[in-house]
Amino acid sequence: MPPLGLHMAIARQVQDALKADDLCDEQGGYLLGSTAPDIRVLTRWDRQLTHFFDIFNFDDQHGVEGLFDAHPQVAKASLLNAESRAFMAGYLTHLEADEAWINLVYRPYFGVGSDLEGDNRANVLDRVLQYELERRVREDQGFMESCATALSKAALDIEVGFLERETLERWREVNLDVVARPPDWDRFRHIASRHLRDAGIETMEAIDAFMTTIPDLLTETHTHVTQQKVDEFMDLARERSLASVREYLQ
């Protein structure tokens, strides 16, 4: 699902729309929350334990509801300290954005029910498109620097009951590493490594050869997912995130 920089960008757009003191004053915790469901790359937890959404279950699901069912102690923002409230508000934006991607982009264009039938190549194309959107966000150096400053200043006085401070500190370092990297394709080698291995691209020579095909892969991907569809995803992600955060903080 969308990479970390894109999640931060969506979260910042929600913050700008709401102008809520909780989000502005605790921006570092808020941005960290917007990427926190992906903390499972550190903890090695199953995706459902942090996203509360089973991508292989086609029944109606809503990750925010699943989160509050699993962790009722964070369901009432008024019971949390300021940074924890902001962190959880960011967390909601991540869940909403991922669901928008799954339902509008991944399943219809890359998943098992799509023309590409959810095979290894389809998953690689999905990752290529995601990373291109991420790369565009990270071209805004001013935004990346503001994220780095906010993350660095976060006190991490975050008490949500299901993530420990030590883990959050490690996750902040991951986020700081992401926002500090240049907006190029070198990082894609690492991000998509599992999908590349599944597609039989394992050796350094094979990966180098694959990287030369990125422009052609992007062209191919855009024949499946048009810019209009990408814009629809961004609109839905912002709309649902804004609604969830507004309701949570009211």
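The following legends describe close-up views of a predicted model.

**View 1. Helix α1 and its burial.** Helix α1 spans residues 4-18 and contains 15 residues. From the first C-alpha to the last, α1 reaches 21 Å, close to the 21 Å expected at 1.5 Å a residue. The helix is mostly covered, with 11 of its 15 residues buried. The buried positions are L4, G5, L6, H7, M8, A9, I10, A11, R12, V14 and Q15.

View 2. K19 is placed in the loop between α1 and α2 (21-25). The phi angle of K19 is near 55°, a positive value in a residue other than glycine. K19 counts as exposed because its relative accessibility is 63%, the threshold for this class being over 50%.

**View 3. Residue E117, between α7 and α8.** A positive phi of about 65° is found at E117, although this residue is not a glycine. E117 belongs to the loop between α7 and α8 (120-138). With a relative accessibility of 56%, E117 counts as exposed.

**View 4. A negative patch on the surface.** The residues D59, D60, E65 and D69 form a negative surface patch. One of these residues, D59, sits in the loop between α5 (48-51) and α6 (63-70). D59 has a relative accessible area of 57% and is therefore exposed.

**View 5. The salt bridge between R47 and D98.** The model has a count of 15 salt bridges. In one of them, R47 pairs with D98, and the closest N and O atoms are 3.2 Å apart. This pair links distant parts of the chain, 51 residues apart: R47 is in the loop between α4 (40-43) and α5, whereas D98 is in helix α7 (residues 82-110). Both R47 and D98 are buried.

**View 6. The salt bridge between E99 and R240.** E99 forms a salt bridge with R240, with 3.3 Å between the closest N and O atoms. Because E99 lies in helix α7 and R240 in helix α15 (residues 227-249), the pair ties together parts that are 141 residues apart in sequence. The two partners fall into separate classes of accessibility: E99 is buried, with a relative accessible area of 2%, whereas R240 is partly exposed, with a relative accessible area of 24%.

**View 7. The salt bridge between D208 and R189.** The side chains of D208 and R189 meet in a salt bridge with an N to O distance of 2.9 Å. The pair links distant parts of the chain, 19 residues apart, with D208 in helix α13 (residues 204-211) and R189 in helix α11 (residues 188-191). D208 is partly exposed, with a relative accessible area of 35%. R189 also counts as partly exposed, at 28% relative accessibility.

Methods:
Residues are numbered from 1 along each chain as its sequence is written. This is a predicted model: local features need pLDDT of at least 70, side-chain atom pairs count only at pLDDT 80 or more; totals for chains, interfaces and linings use all residues. Side-chain values use heavy atoms; hydrogens and water are left out. Helices (H or I, at least four residues) and strands (E, at least two) are DSSP runs, numbered from the N terminus. The expected span of a helix is 1.5 Å times one less than its number of residues. Buried means under 20% relative accessible area, exposed over 50%, partly exposed in between (1.4 Å probe, protein chains only). Patches are made of residues with over 30% relative accessible area and no salt bridge: like charges are joined within 9 Å, nonpolar side chains (Val, Leu, Ile, Met, Phe, Trp, Tyr) within 5 Å. Accessible areas come from the Shrake-Rupley method with a 1.4 Å probe; for residues, only the protein chains shown count as cover. A salt bridge is a side-chain nitrogen of Lys or Arg within 4 Å of a carboxyl oxygen of Asp or Glu. Lys and Arg count as positive and Asp and Glu as negative; His and the chain ends are not counted. The place of a charge is taken as NZ of Lys, CZ of Arg, CG of Asp or CD of Glu.
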